[in-house]
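Subject: Model for your files, with notes on helix packing and voids

Hello,

Here is the structure for you to look over. My notes follow it.

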Amino acid sequence: PTATALGPAGATMTQPRFESCLAEDLTAFIAFKRALGITYEVAESRLGSFDRYVKAHAPRRGALPFDRLVRGWLVRDGRRKPITVAGQLTMLRQFFLFRRRRDPAGYVPPFGLAPCNRSHFEPHVLSPADVRAMLAAADDLRGPPPRAQTYRTLVLILYCTGLRLGEAVRLHLQDVDLAERVFHVRKSKGKTRLVPFGPDLARALRKYLRVRPTPTTPHERFLLQPDGRAYPTQSASQTLRHLFQRVGLKPAKGREGPRPTDFRHTFAVHRLTRWYRGGVDLHARLPWLSAYMGHKDLAGTQVYLTATPELLATASRRFEGR
């Protein structure tokens, strides 16, 4: 039988059933993550793969050759991208660090086992002119009229709130409160949060509702394709990349140039710049930004705080004033 536990929103979740000699530790690790409010569903599946690999390749007697087992599991499929392997190594390191709490001498795989341990993408902070160009390109999208208005609305949501692309695409009608001007983002990265927005975005959302397919239930997606189906996140990502290419921000081929997640970088940097200009206490406000963007701590937010020339100039003037 499988055990059950309460998820982040109080829902009952099935605990995984591992079968290798690490089963007890793996089960405890998953329970620990979920006790922190993290669903950990994707990682659970990957740890299940590691568990099956250990069961198949671990010796029946003697000490476990952890280094060999970890290396073997990481290279089991040579078709995966280096950044994918690095992400799986990071997950295993978290598990082994958890396991070492009761065994100070326990094995922890080194970072060097992966071909790389970080993405080589550099964040691209969009200017207001870039965003206006993206909106114009969205207006020119081919297809039934709701398609252009949908992507115009998606660009505005991403730019004005810094939502993750998946969060924006997965919004339901009941998650968009136009009276209170707030999004209800459900179970994203293990957490549910409220994201307020301004009156300008509220007007754009009302305009979209007038051309959107007629709602049939509050549980359907807010952003819909012209035929009434929900947009897959991957499909929305591809269209946004196409818009980046049309406005000249991204080359026609290759992976260089801005990505949809750069709207999130742009939101964070522009907010920080406005706070600098306003002379606010950044130490007091940064936790607000972290909570608004759905991060569990400031370390997650720091990834998005790229130092642009405008931000550096503003900070320099503020420093001179002091």
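Which residues line the largest cavity? They are T150, Y151, L154, V169, L223, Y231 and A236. Before the rest, the basis of these notes: this is a predicted model, in which local features need pLDDT of at least 70 and side-chain atom pairs count only at pLDDT 80 or more, while totals for chains, interfaces and linings use all residues. Residues are numbered from 1 along each chain as its sequence is written, and side-chain values use heavy atoms, with hydrogens and water left out.

Cavity and pocket

The structure holds 1 cavity of 30 Å³ or more, and the volume of the largest cavity is about 40 Å³. On a 1 Å grid over the protein atoms alone, a cavity is a set of points where a 1.4 Å probe fits but cannot get out; a pocket is an open set with protein on both sides within 12 Å along at least five of seven lines; lining residues have an atom within 4 Å of a point. Grid points are joined across faces, edges and corners, and a volume is the space filled by probe spheres set on the points.

Helix α6 (residues 145-161) gives the most to the lining of the largest cavity, with 3 residues. By class, this lining has 6 nonpolar, 1 polar and no charged residues (Ala, Val, Leu, Ile, Met, Phe, Trp, Tyr, Cys and Pro count as nonpolar, Asp, Glu, Lys and Arg as charged, and the others, Gly among them, as polar). Helices here are DSSP runs (H or I, at least four residues), numbered from the N terminus.

The second largest pocket has a volume of about 280 Å³. Its lining consists of Y159, C160, P196, T266, F267, H270, R271, R274, W275, W288, L289 and Y292. The elements that give two or more residues to this lining are α6, α10 (262-278) and α11 (282-292), and α10 gives the most, with 6 residues. The classes here are 8 nonpolar, 2 polar and 2 charged.

Helix packing

The axes of α6 and α9 come within 12 Å and cross at roughly 90° (axes are lines fitted to C-alpha atoms, for helices over the stretch in contact, and angles run from 0 to 180 degrees between N-to-C directions). α6 and α9 are therefore roughly perpendicular to each other (65 to 115 degrees). On the α6 side, R147, Y151, L154, V155 and L158 meet S235, A236, T239 and L240 in α9, where contact means heavy atoms within 4.5 Å. Those residues divide into 6 nonpolar, 2 polar and 1 charged.

Helix α5 (residues 128-139) also packs on helix α9 (residues 233-246): the axes come within 9 Å and cross at roughly 110°, which makes α5 roughly perpendicular to α9. M134, A137 and A138 of α5 make the contact with L240, L243, F244 and R246 of α9. By class, there are 6 nonpolar, no polar and 1 charged residues in this contact.

For helix α1 (residues 23-35) and helix α4 (residues 82-99), the axes come within 10 Å and cross at roughly 100°. That makes α1 roughly perpendicular to α4. The contact is formed by D25, L26, A28, F29, F32 and K33 of α1 with Q94, F95, F98 and R99 of α4. The division is 6 nonpolar, 1 polar and 3 charged.

Regards

Notes: Angles under 35 degrees count as roughly parallel, over 145 as roughly antiparallel, 65 to 115 as roughly perpendicular and the rest as oblique.
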